[in-house]
Amino acid sequence: MNVFAKVVCSLVLMLSSAVALAEAPDVVMGANTVDLEKAKTLFDDGAVFIDVRDAQSWSLGHIQGAVNLDFNASEFAVLYISKELDRATPIVFYTSSPLNVSSAMASFFASNWGYSNVYYFRDGFYSWMAADLPVELKMAGRSVQVDSVIQ
């Protein structure tokens, strides 16, 4: 392998490693970043929670009542295409953790598509589950709703 090819391969590996380690932004233009407490308040008030992870991740566990719209699949475009959706409905986008940027990107796109009550739950599903908040989990091949951990 010539020197140029080695340099290019090294740069590609370094850049892909940097992207893989990147965290989601703290703030998204057009969206309100919410912490766990505010996310729970929105949940209690009936906001629509949208999990933008892939279907397999969502099926293993998600916030109770959440809708799955994989950001990396064509189904996410329903937010843009649909004329029936109320763009004033409070929607909360989340992924698994701050190590996934998909919820930030989804929040940005939704706000640009005219949604006026967009919330970006940066901390994500794992922090929600760790706080013992309502989740739906797939355990031993069965789906169960967990409102709180039995102690």
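Is Ser 96 buried or exposed? Ser 96 counts as buried, because its relative accessibility is 13% and the cut-off for buried is under 20%. The model shown is predicted.

**View 1. The whole protein chain, with its helices and strands.** The protein chain holds six helices and eight strands. Along the sequence they follow the pattern α-β-α-β-α-β-β-α-β-α-β-α-β-β. Of the 151 residues, 36% are buried. The chain exposes about 8900 Å², and carbon and sulfur atoms supply 61% of that area. Among contacts with a separation of 6 or more, 63% join residues 24 or more positions apart.

**View 2. Ser 96 and its contacts.** Ser 96 sits in the loop between β5 (91-94) and α5 (102-112). Set aside the neighbours within four places in sequence. Ser 96 is then in contact with Arg 53, Asp 123, Gly 124, Phe 125 and Tyr 126.

View 3. Asp 132 lies in the loop between α6 (124-130) and β7. The phi angle of Asp 132 is near 65°. That is a positive value in a residue other than glycine. Asp 132 counts as partly exposed, because its relative accessible area is 26%.

**View 4. Val 135 in strand β7.** Strand β7 covers residues 135-139 and includes Val 135. Val 135 is buried, because its relative accessibility is 3%. Look next at Gly 61. Val 135 and Gly 61 are 74 residues apart in sequence. In space, they are 6.9 Å apart, C-alpha to C-alpha.

Notes. Residues numbered from 1 in each chain as written. Predicted model: local features only at pLDDT ≥ 70, side-chain atom pairs only at ≥ 80, totals over all residues. Heavy atoms only, no water. Helix = DSSP H or I, 4+ residues; strand = E, 2+ residues; numbered from the N terminus. Buried < 20%, exposed > 50% of the residue type's maximum accessible area, 1.4 Å probe, protein only. Contact = heavy atoms within 4.5 Å. Areas by Shrake-Rupley, 256 points an atom, 1.4 Å probe, with all protein chains shown as cover.
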